[in-house]
Amino acid sequence: MKQVIQALGTKLAHDQISDNDTVRELHSKDETYQQTSLPDIVVFPKSTEDVTHIMEVAQKYQTPVTPFGVGTSLEGHVIPYKNGITIDFSLMNQILEIKEGDLLVRVQPGVTREQLNKELKKYGLFFTVDPGANATLGGMAATNASGTTTVKYGVMRDQVRDMEVVLADGSVIHTGNLAAKSASGYHLNGLFIGSEGTLGCFTELTLQVYGIPEHIVAARATFPSLTNAIEAVTSILHAGIPIARVEFVDGASVEQINKFSETDYPVKPTLFLEFHGNESGLQEDLAFSKEIMQDHGCDHFNSETDNAARNRLWDARHNLAYAYIHDYVGKKMMLTDVAVPISELANSVIYAGEELKKLAIPGGILGHVGDGNFHSLIMIDMENEEEVKKAKQFNEKVVQYALERGGTCTGEHGIGVGKKPYQRAEHGAALDVMTNIKKALDPNNILNPTKIVDIDNEDKL
Ligand SMILES: Cc1cc2nc3c(=O)[nH]c(=O)nc-3n(C[C@H](O)[C@H](O)[C@H](O)COP(=O)(O)OP(=O)(O)OC[C@H]3O[C@@H](n4cnc5c(N)ncnc54)[C@H](O)[C@@H]3O)c2cc1C
């Protein structure tokens, strides 16, 4: 490592390279139960040239490299199990260009989604993807993140027009262009987005943004049962109502929201909804949705047009994971993240709910149900081996149930190390194609090794 630090120091400033114990510790973990592991050093590039230099040095000394945004991923993505260099992108946090006329923005990877939206607001624009944490756009692209508005606007893959990527050998490529559509060549945006730092380091992103809708209405609806709530969502989608957000939260989780956000929402299966559009169309959508929900037993419906009230409602929903973390000090969070075809959603959520009850571990069910994606969130005591084992078995059962119905083990959080055991079952022979792509782009396996695919036996943790 001494030689690596010396070689890095030929182009990076002293304060861009850290072997400080606290800094290493901060880069040894994510926000969940995954086993931690320390990087040897953390480097802070300021430019694409810095990243190229880091990759060239890493290649020369065969040192593993783990890209790092703000470390909010949930499956051990940023944990450097083979140690080496962690590249922290926090100093590459400039919004480089807002192309208002094209509805495009060019950013460095360390820009966070809240930072971007604060700037875009001045132009009457917004960026749609909103994971529950204030993640970086580099991290969000690397995990193909999505959020509450995905049902209307899509996931990260739908927003990225182009990326500048530094490959494992230090060379620099662009993955796309600025046009709204293209039939040119292989879909490299699609390949690199969701690659979790295993294929290259993103140093610039060009993203699609939208005009802030003329009118927005948020709503909260409660139901006697989880089944009623989920079936209401399915009916709303079938009716073709262009809903912008539809989030499910079970009774246990509403209780956590009330404690953390000082709200007094009825402790029942609840949908949080939002509609975007012009005033008259939106009133029709709202009335039609309300009617559908009442057909499914909705017993309380409350809508908000006022900006502050809407923000309060969505802040409460966004802070849900933190509400659990805050209430169960010393415990670690485990989240299932399956997505299923919409026709399988109600039964999948019911199945997960029943299995969760049997577990007798604190937790709840929530989800971006408009996309068929839901999470069982459980707070586990990592000192209690039996509890950890039961929690992992629960995760496995939920994944297996989803895969048997044509779903996926992860709708949005990604694979990291947590979802690696399910890759063969989900992808079959296609996993070998993915492994070959990794070998072609990173033949020495230095980019975030141990994640997504196993290249050698040492990758099998
Ligand atoms: C409370 C909470 C709620 C969440 N809710 C959601 C949600 O609703 N939807 C969702 O999708 N996720 C959610 N997440 C997960 C997480 O926020 C996302 O996965 C997010 O995209 C990670 O971004 P990050 O900046 O923290 O990246 P990190 O965690 O730092 O990194 C994530 C991955 O990206 C790679 N990476 C980072 N930067 C780069 C780069 N410049 N180039 C190449 N690779 C890079 C890393 O190596 C790693 O593999 C949630 C997390 C928390 C804690």
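**Aromatic pairs and their surroundings**

Author: Tyr153 is buried, at 12% relative accessible area. Buried means under 20%, exposed over 50%, and partly exposed in between, with a 1.4 Å probe and protein chains only. The model is predicted: local features need pLDDT of at least 70, side-chain atom pairs count only at pLDDT 80 or more, and totals for chains, interfaces and linings use all residues. Residues are numbered from 1 along each chain as its sequence is written, and side-chain values use heavy atoms, with hydrogens and water left out.

Phe126 is buried too, with a relative accessibility of 14%. Phe126, Tyr153 and Tyr210 make up one aromatic cluster. Rings of Phe, Tyr and Trp (its six-membered ring) pair if their centres lie within 6.5 Å; planes under 30 degrees apart are stacked, over 60 edge-to-face, and the rest tilted. That rule gives 6 aromatic pairs. One of them joins Phe126 and Tyr153: the ring centres are 5.7 Å apart and the planes stand at 90°, so this pair is edge-to-face. Phe126 belongs to strand S7 (residues 125–126) and Tyr153 to helix H6 (residues 150–153), so the pair ties together parts 27 residues apart in sequence. Helices (H or I, at least four residues) and strands (E, at least two) are DSSP runs, numbered from the N terminus.

Now the pair of Phe272 and Trp314. Their ring centres are 6.1 Å apart and their planes meet at 55°, so the pair is tilted. Phe272 sits in strand S14 (residues 270–277) and Trp314 in helix H12 (residues 307–318); the pair links distant parts of the chain, 42 residues apart. Phe272 is buried, with a relative accessible area of 0%. Trp314 is buried at 5%. The charged end of Arg245 sits over the ring of Trp314, 4.3 Å from its centre. Such a charge is NZ of Lys or CZ of Arg, within 6 Å of the ring centre and within 35 degrees of the ring normal. Arg405 lies over the face of Tyr401, 3.6 Å from the ring centre.

With strand S13 (243–249), helix H13 (320–327) and strand S17 (363–368), they are among what covers the buried residues of H10. In H10 (residues 251–261), those residues are Gly251, Ser253, Val254, Gln256, Ile257 and Asn258. Glu262 follows H10, with a positive phi near 55°.

Back to Phe126. Leaving out residues up to four places away in sequence, Gly211 touches Phe126, along with Leu103, Gly124 and Leu125; contact means heavy atoms within 4.5 Å. Gly211 is in strand S11 (residues 210–211). Gly211 is partly exposed, at 41% relative accessible area.

Last, the ligand. It has 36 residues around it, the closest being Pro67, Gly69, Thr72, Ser73 and Thr136; a residue is near if one of its heavy atoms lies within 4 Å. A polar side-chain atom of Thr72 is 2.6 Å from a ligand oxygen atom. An N or O atom in the side chain of Thr143 lies 2.8 Å from an oxygen atom of the ligand. Ser146 places a backbone N or O atom 2.7 Å from a nitrogen atom of the ligand. Taken alone, the ligand exposes 970 Å², and the protein buries 98% of that. Accessible areas come from the Shrake-Rupley method with a 1.4 Å probe.

Notes:
Polar contact = N/O pair within 3.5 Å; in protein donor to acceptor, adjacent residues only side chain to side chain.
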